[in-house]
Amino acid sequence: MRFGIFYEHQLPRPWSERSEQELYRDALEQIELADRLGIDYVWEVEHHFLEEYSHSSAPEVFLAAASQRTQRIRLGHGIVNVMPPVNHPARVAERIATLDLISNGRVEFGTGESSSAAELGGFLVDREQKRQMWQEALDTVTRMFVEEPFAGVETPHVQMPPRNVVPKPLQKPHPPLWVACSRRETIQLAARNGIGALSFSFVEPEDAAKWVDEYYGLIASEECVPAGFAVNPNIAVVLPMMLAEDEGEAIERGIDGAHFFGYSLGHYYGLSPHAPGLTDVRKEFERHRDETGFARHIVRPDQAPLGVRLLQEGLGSLRGAIGTPAQVEDLIARYETAGVDQVIFVLQAGPNRHEHICESLQLFAERVMPRFVEDRDQGEREKRERLEGAIEAATARREPARTLPAPYVIDEQAELARARTARRRPLRASDLAQLKAKARQVARKRITTLLARTVDGASDAQLERRFSSSLIQRAMFTGMAQSFEPDAAGGFQGRVVYELARPAIGEKPTRWTIEVLDGHASARPGAASDAALTVRFNLADFVRIAAGTIDPAQPLLEDRASFEGDFALAVRLPEMFGAPSPY
């Protein structure tokens, strides 16, 4: 087991003129301490415009500062936003290589897409195209690391003529690659691309074991085709953390930070509207924490084994590794048993205090860490030997670095002319697929807008009368089925039953079944007897959710909705039927 610490650079209001400077100064001191204590990694995010949640918009600068204050701790980008409108691939390659050189080869290159509306909209990135942008950018950056000169690229989102991109990284062929993962499907994506999985889903150890098995099964299969020029087979999970000798003291010091972390994440990923420079996320957290699943009173010292989440009326509330050394040791042992390679701790969160973070790190290094590092080298050596053949086979499947057939001479005018011609090229099959996806997105938005107008100001009884017609409900569920996204289903095949109560008009519930089979979904009236999941809503709430006028969590919190069956499937339902992924 390896251990890391994770930084968003959270800064809840109120602020002073020196708040950000003090935040960065304290974080660098914490990293110096972690380096001395033997913590293996520091991970730094890249976010833009997410005030209070993350003031970490230039991680390459911060990690460069950390590199000069430390000796051995590895410096992880967790992650670089590789969307070309945010960071041109050449600039990413140059910054990663430079950091690798000045740190004596300690860089871990995590990549990601971003998904908050503040960031995607701020840089005018089309949400529907961000996965393709990630794939194009990652292939381009890794080629820039190894090709001399880089042989150029011409894809829908990245165009660049041949250039020798310098400097080259110290680690060969390049620093280890990672990708941000928050659900099973992206864990699988990481494995198929031969890169490390940085899991931000706060998954329980017993659930992580299933992900680990799937991940390493794919790494060893023919489906693994490395995105880079080396395979990095590793799974890391991220947890809130605060240690103290007394459990009550650990909770007092750390739970508000963990809960603010969870709430502010939800705030920027769809929980509530945001007005830049005006919205006070901390005040909103304090006002709404109970109703959004982050009630302070439900976290009590009881010396019980730690769970990553606490359940409050069906919603998850973060706890993670907040407790005594014995409790945290037990939790980490469960992750070790599950096969997780690294646990990354979030200590700098919300109002957590610098001195408490430092004390927690020291206590962890003294009382928890020794057990897990004793035979680590032998375990990692055995893992390398076990995967050696699979990694060699996977690497052979990767297209090699390219060599230009003849010397390339820079010609600015000719390059600009080629670029203009490329913009006028005929549509390709991939372009048509994107246009169709865009058309579906626009159509969904128009329908949602019309539905919202119908819902606005209507009572429950009025909505139940308007939407009780079997024809209207058939149209709604057929539309859901047509919006089905196979990639978000995680291989699910089976039936989901929706039961819609009509208490306001005193009528019996209506029931519909959506069946998923061979990558397609269909809807029919009635309830299947073998449903994997049954979803129960009041009809009025279901219509308001479809119209986007209420959050799906609201009926759950107010005990007007319930799930029966596969809860993990319930979590995926919005993405399966066309809602944008928050990850």
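Biologist: In which loop is Glu52 found?

Modeller: This is a predicted model, and Glu52 has a positive phi of about 75° although it is not a glycine. Most residues other than glycine have a negative phi. As for its place in the chain, Glu52 is found in the loop between strand 2 and helix 2.

Biologist: Is Glu52 buried or exposed?

Modeller: The cut-off for a buried residue is a relative accessible area under 20%. Glu52 has a relative accessible area of 0%, and therefore counts as buried.

Biologist: How does Phe49 count in terms of its relative accessibility?

Modeller: Phe49 is found in the loop between strand 2 (41-44) and helix 2 (59-67), and its phi is near 70°, a positive value in a residue other than glycine. Because its relative accessibility is 46%, Phe49 counts as partly exposed.

Biologist: What is the orientation of helix 2 relative to helix 3?

Modeller: Helix 2 and helix 3 (residues 89-102) pack with their axes 10 Å apart, at an angle of about 10°. Since angles under 35 degrees count as roughly parallel, helix 2 is therefore, relative to helix 3, roughly parallel.

Biologist: How many residues of each class does the contact of helix 2 with helix 3 have?

Modeller: Helix 2 contributes Glu60, Leu63, Ala64 and Ser67 to the contact, while helix 3 contributes Arg95, Leu99 and Ile102. Sorted by class, the residues of the contact of helix 2 with helix 3 are 4 nonpolar, 1 polar and 2 charged.

Biologist: Which residue of strand 4 stands opposite Val80?

Modeller: Strand 3 (residues 74-81) is joined to strand 4 by 5 bridges, and the two strands run parallel. In strand 4, the residue opposite Val80 is Thr111.

Biologist: How many residues of strand 4 are buried?

Modeller: From strand 4, Val107, Phe109 and Thr111 point one way, whereas Glu108, Gly110 and Gly112 point the other way, and all are buried. Strand 4 (residues 107-112) is therefore largely enclosed by the rest of the structure, its buried residues being 6 of the 6.

Biologist: What is omega for the cis peptide bond that joins Gly78 and Ile79?

Modeller: Most peptide bonds are trans. Ile79 is found in strand 3, and for the cis bond that joins Gly78 and Ile79, omega is about 25°.

Biologist: Where does Pro149 lie?

Modeller: The peptide bond from Glu148 to Pro149 is also cis, with omega near 5°. Pro149 lies in the loop between helix 5 (130-146) and strand 5 (153-154).

Biologist: What is the handedness of the crossing of helix 6 and helix 7?

Modeller: The axes of helix 6 (residues 184-192) and helix 7 (residues 205-219) come within 8 Å and cross at roughly 25°. The two helices are therefore roughly parallel to each other. Their contact includes Ile187, Ala190 and Ala191 of helix 6 and Trp211, Tyr215 and Leu218 of helix 7, and the crossing of helix 6 and helix 7 is right-handed.

Biologist: Which strands are the edge strands of the open sheet of 5 strands?

Modeller: The open sheet has the order 16-15-14-17-18, with mixed pairing. Each of its edge strands pairs on one side only, and these are strand 16 (520-525) and strand 18 (561-565).

Biologist: In strand 16, which residue is the bridge partner of Trp512?

Modeller: Strand 15 (residues 507-517) and strand 16 run antiparallel and are joined by 6 bridges. The bridge partner of Trp512 in strand 16 is Pro525.

Biologist: What angle does the direction of helix 17 make with that of strand 15?

Modeller: Helix 17 (residues 470-482) packs on the sheet, where it touches strand 14 (494-502), strand 15 and strand 16. With the direction of strand 15, that of helix 17 makes an angle of about 25°.

Biologist: Against which elements do the buried residues of helix 20 pack?

Modeller: Helix 20 (residues 567-576) lies across strand 14, strand 17 (533-538) and strand 18, running at about 60° to strand 17. In helix 20, the buried residues include Leu569, Ala570, Leu573 and Met576. The buried residues of helix 20 pack against helix 6, strand 14, strand 17 and strand 18.

Note on methods:
Residues are numbered from 1 along each chain as its sequence is written. This is a predicted model: local features need pLDDT of at least 70, side-chain atom pairs count only at pLDDT 80 or more; totals for chains, interfaces and linings use all residues. Side-chain values use heavy atoms; hydrogens and water are left out. Two strands pair if DSSP finds at least two bridges between them. Helices (H or I, at least four residues) and strands (E, at least two) are DSSP runs, numbered from the N terminus. Contact means heavy atoms within 4.5 Å. Axes are lines fitted to C-alpha atoms, for helices over the stretch in contact, and angles run from 0 to 180 degrees between N-to-C directions. Angles under 35 degrees count as roughly parallel, over 145 as roughly antiparallel, 65 to 115 as roughly perpendicular and the rest as oblique. A crossing is left-handed if the near helix is turned anticlockwise from the far one by less than a right angle, and right-handed if clockwise. Buried means under 20% relative accessible area, exposed over 50%, partly exposed in between (1.4 Å probe, protein chains only). Ala, Val, Leu, Ile, Met, Phe, Trp, Tyr, Cys and Pro count as nonpolar, Asp, Glu, Lys and Arg as charged, and the others, Gly among them, as polar.
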